[in-house]
Amino acid sequence: MTETADEAATRVFADHRELLFSMVYSMLGSVADTEDVLQETWLSWAARLRDGGAEIRHSRAYLVRVAVNHALARRAAINRRRETYVGPWLPEPLVTDGASGYLVEDAAQGALRAESVSMAVLVVLETLTPLERVVFVLHEVFGYPHADIAEILGRAPASIRQLAHRAREHVHARRPRWRADPHTQRRVTEKLLAAQLDGDLAGLLELLAPDVAFWSDGGGKRQAALRPIYGRDKVARLIVSPAVRRHVPDLGVAYRFVNGDAAVLIFSAGAPFAVVVLDIDVPTERIGAIYAVTNPDKLTRIGTGQRPSRG
């Protein structure tokens with residue numbers, strides 16, 4: 001049976017959806033916006049096939065070009081939203097099942113194989129310009145040559161090389177030198193949570209690096225610090241404060257992989273309340289940064305079926 005144009009469009013798009021999700025999420029740091037971009041890409045792709053898709057000789061190249069340019073346009077919209085965002089902005093977490101390794105968002109499997117979607121690196125990528133970020137993701141993460149990126153973006157290769165150089169220097173100067181292995185990540189995360197629940201200030205001080213940073217993203221919808229907090233003493237006293245736990249009635253916890261790192265999910269009365277990811281200095285196993293996402297809009301894809309243990 002001969003495929004219809006719509007059937008062919010669906011099949012080819014499905015074959016490339018995981019790649020497109022990985023790319024776009026790395027550029028945007030938002031699952032919701034990534035899904036919107038993929039929908040826009042699908043509509044452009046399906047319309048193009050119906051209007052003479054036989055002329056498209058390289059489907060992957062076409063889809064990547066469309067998705068990247070839609071992502072750039074969406075990045076501008078995200079930046080406008082950020083101007084009125086309350087408090088620090090953190091990426092929307094991508095959560096895996098620690099037992100099976102499958103993503104909650106199946107299409108994002110490829111993304112978690114790349115260091116570029118770790119919470120720590122995504123925070124650094126937020127400091128790049130939109131074009132620098134796109135070029136960095138395409139070249140450093142997905143291996144696209146500068147000439148191909150220039151064609152995708154409609155820019156001169158020399159311009160792309162300059163953008164790539166600036167972005168690489170910026171990211172390499174700020175991202176962690178090493179990424180902790182999953183066992184270390186889980187062990188340190190468990191120690192942090194146990195010290196917090198026990199009110200063990202001395203234990204927390206031992207776990208934290210002197211210049212530790214605490215980032216909390218409540219989006220103005222849950223209580224969170226309005227700016228990052230720096231320094232071991234300040235962060236430890238904040239974490240151990242009884243007031244913090246009072247805001248999480250009927251607390252439960254579950255350990256999952258978030259953006260490729262072992263992390264903890266906090267539940268309140270069975271509903272997702274926070275995702276906490278640590279950035280750990282490998283040689284010392286001390287915590288250099290804590291990223292806590294509590295904005296409920298960024299937790300909708302976690303679901304309530306995690307069977308959290310009681311804390």
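Here is a short chat about reading the features of this predicted model.

Visitor: What should I look at to describe a pair of aromatic rings?

Guide: Two things: how far apart the ring centres are, and the angle between the planes. This structure holds four aromatic pairs. One of them is formed by Trp45 and Tyr62, with 5.8 Å centre to centre and 45° between the planes, and it counts as tilted.

Visitor: Which helices do Trp45 and Tyr62 lie in?

Guide: Trp45 sits in helix α2 (residues 31-50), while Tyr62 belongs to helix α3 (residues 59-82), so the pair ties together parts that are 17 residues apart in sequence.

Visitor: Are those two residues buried or exposed?

Guide: Both Trp45 and Tyr62 are buried. Setting aside residues up to four places away in sequence, Trp45 touches Ala9, Val12, Phe13, Ile56, Ser59, Tyr62 and Leu63.

Visitor: Where do nonpolar side chains tend to be in soluble globular proteins?

Guide: They tend to be buried together. Here, the largest nonpolar core has 50 residues, and Trp45 is among those with the most contacts inside it, along with Met27, Val64, Val68, Leu138 and Leu153. At least two residues come from each of α1 (5-28), α2, α3, α4 (119-125), α5 (130-141), α6 (146-153) and α7 (157-174). The biggest giver is α1, with 11 residues. Apart from this core lies another, of 30 residues, including Leu204, Val212, Ile239 and Val276.

Visitor: How are two packed helices described?

Guide: By the angle between their axes and the distance between the axes. Take α5 and α7: their axes come within 8 Å and cross at roughly 85°. The two helices are therefore roughly perpendicular to each other.

Visitor: Which residues make the contact between α5 and α7?

Guide: On the α5 side you'll find Leu131, Glu132, Val135, Phe136, His139 and Glu140. From α7 come Ile160, Leu163, Ala164, Arg166, Ala167, Arg168 and Val171. Sorted by type, the residues of this contact are eight nonpolar, one polar and four charged.

Visitor: Could we follow a single residue? Why does Ile152 count as buried?

Guide: The idea is to compare its relative accessibility with a cut-off: buried means under 20%. Ile152 has 10%, so it counts as buried. You'll find Ile152 in helix α6. Leaving out neighbours within four places in sequence, Ile152 is in contact with Val64, Arg65, Val68, Asn69, Leu138 and Tyr144. And here's Tyr62 again: the C-alpha atoms of Ile152 and Tyr62 are separated by 8.7 Å, although the two residues are 90 apart along the chain.

Notes
Residues are numbered from 1 along each chain as its sequence is written. This is a predicted model: local features need pLDDT of at least 70, side-chain atom pairs count only at pLDDT 80 or more; totals for chains, interfaces and linings use all residues. Side-chain values use heavy atoms; hydrogens and water are left out. Rings of Phe, Tyr and Trp (its six-membered ring) pair if their centres lie within 6.5 Å; planes under 30 degrees apart count as stacked, over 60 as edge-to-face and the rest as tilted. Helices (H or I, at least four residues) and strands (E, at least two) are DSSP runs, numbered from the N terminus. Buried means under 20% relative accessible area, exposed over 50%, partly exposed in between (1.4 Å probe, protein chains only). A nonpolar core is a set of buried Ala, Val, Leu, Ile, Met, Phe, Trp, Tyr and Cys residues joined through side-chain atoms within 4.5 Å. Contact means heavy atoms within 4.5 Å. Axes are lines fitted to C-alpha atoms, for helices over the stretch in contact, and angles run from 0 to 180 degrees between N-to-C directions. Angles under 35 degrees count as roughly parallel, over 145 as roughly antiparallel, 65 to 115 as roughly perpendicular and the rest as oblique. Ala, Val, Leu, Ile, Met, Phe, Trp, Tyr, Cys and Pro count as nonpolar, Asp, Glu, Lys and Arg as charged, and the others, Gly among them, as polar.
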